[in-house]
Amino acid sequence: MEFLNSVFWLLILLGVMIIIHELGHYWAALLCNVKVEQFSLGFGPRLFGFKIGETDFRFSAILFGGYVKMLGQDDLAVDPGTNPDPRSFMNKPRYQRLFIIAAGPLMNIFLAVGLLAGLFMYQFPKVMNADGPAVVGHVEKSSPAALAGVQEGDTIVEFEGKANPTWEDVVVKELTGAGKEFALKVKRGERTLDLKLVPKTDEKTQVGYAGWREQSEIRIKYILKGFDAERVGLMPGDVVISVNNIPVRSLTKLVEVVRESGGKAVELIYERENVRNKVNVQPKFSENEKRWMIGIQLEPKYVVVALGPGEALEQSVKYNMRSATMIFDYLKGVVQMRLSPKQFEGPVGIARMAAAAAKEGAADFISLMAMVSLNLAIFNLLPIPVLDGGGILVLLVEMIRRRDLSLQLKERVLQLGLAFLLMMVVFVLYNDISKAVMPKG
């Protein structure tokens, strides 16, 4: 049942992505007066469909993916006049062909921006001090941040050339910066110190890890069943003040103190409705996490606000630009062999994420849809033959040269692109299956 539920939400998620993507190609083709012969959701044999005008809208046997087939699109001949029909794709000027190919990924970008803008008009989680200075709330022992000399309470006043960064600016660089040296300046009291930080690759997440956390108010997000936090009456929304008289100003401080407790009860002070309470909580050893836990999941304290249309669009654009930067930095790290490609998610991983997001509610599913749409756009824009980015690259080269590339070269490049794409598909599927069947931690 769980498998079918995951498949259902995967089809919903990818179905929207594919339809929007192919509609981009379709509408651009119509604008350029190119004949569209087929609009297919899926590949392979036609299952069923309908015809509107001269276009066959169909559902095909292999539902993952889709395509728009235009007249003359597969004609790679050097002479574009091979097909005399003026509505043939190859008979259109290169700038129009470029527009048609780029329209698919652009539609996915517009979808990502539109989805988040709409969501932010309904609910926007505004983290306390999100636009303020990046103050370090906790530094893990022996972590890259600790080795760099960073201390709790330091304010990061410059990070990799950016003055007065927010914590989000820092984290975006950290996650994609494993093995890369970052220059930073921190203010400690009246002194400003120049430091060097080299994040390492986190074994669990396969992304950059520095071992520091932002200073902020921390509250409980979830109560895990079977742990003592449930018994003592802790609830989601409670603000954690201290543990064993140690102030908790970051997500990892509580985790560290409980981990080092050795199973001894810890004293927790929390605030609920402006009233402070004290409880003793007995940690329990988790075999999955391989550490002592009291059974709570934490998050930074935030307020949910509804943004106006203009501000919602602005925040959505900013969010998607940060995400795109992060994706490109991650791909760069993989190419430079600083980061592992094991973070790539295939259909199995996306199905799992889709089912989990749908279970959490519409907001989580919309957020996931926006993220997947942006990822799909960027993936399609990569300069790999067979993908839209490969077609865009060929057209740009031809526009610069003012003549077509040879038929032999185009065919050879297509073959190499197809081979590379097949290898990627095999790797991603293997990676997906490995994550699903291999024991965790």
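**Entry 1: the cores.** I looked up the largest nonpolar core, and it has 31 residues. A nonpolar core here is a set of buried Ala, Val, Leu, Ile, Met, Phe, Trp, Tyr and Cys residues joined through side-chain atoms within 4.5 Å. Buried means under 20% relative accessible area, with a 1.4 Å probe and protein chains only. Among the residues with the most contacts inside this core are Leu13, Phe120 and Leu368. I noted the elements that give two or more residues to this core: α1 (2-31), α2, α7, α8 (347-360) and α9 (362-381). Helices are DSSP runs (H or I, at least four residues), numbered from the N terminus. The largest share, eight residues, comes from α9.

**Entry 2: the model.** This is a predicted model; local features need pLDDT of at least 70, side-chain atom pairs count only at pLDDT 80 or more, and totals for chains, interfaces and linings use all residues. Residues are numbered from 1 along each chain as its sequence is written, and side-chain values use heavy atoms, with hydrogens and water left out.

**Entry 3: Leu368.** I set aside its neighbours within four places in sequence. Leu368 is then in contact (heavy atoms within 4.5 Å) with Leu13, Met353, Ala354 and Ala357. I also found a second, separate core of 20 residues, including Ala29 and Phe89.

**Entry 4: α2 and α7.** How do these helices pack? Helix α2 (residues 94-122) and helix α7 (residues 309-335) pack at about 130°, with axes 8 Å apart. Axes are lines fitted to C-alpha atoms over the stretch in contact, and angles run from 0 to 180 degrees between N-to-C directions. Residues in the contact include Phe120 of α2 and Tyr319 of α7.

Terms used:
Buried means under 20% relative accessible area, exposed over 50%, partly exposed in between (1.4 Å probe, protein chains only).
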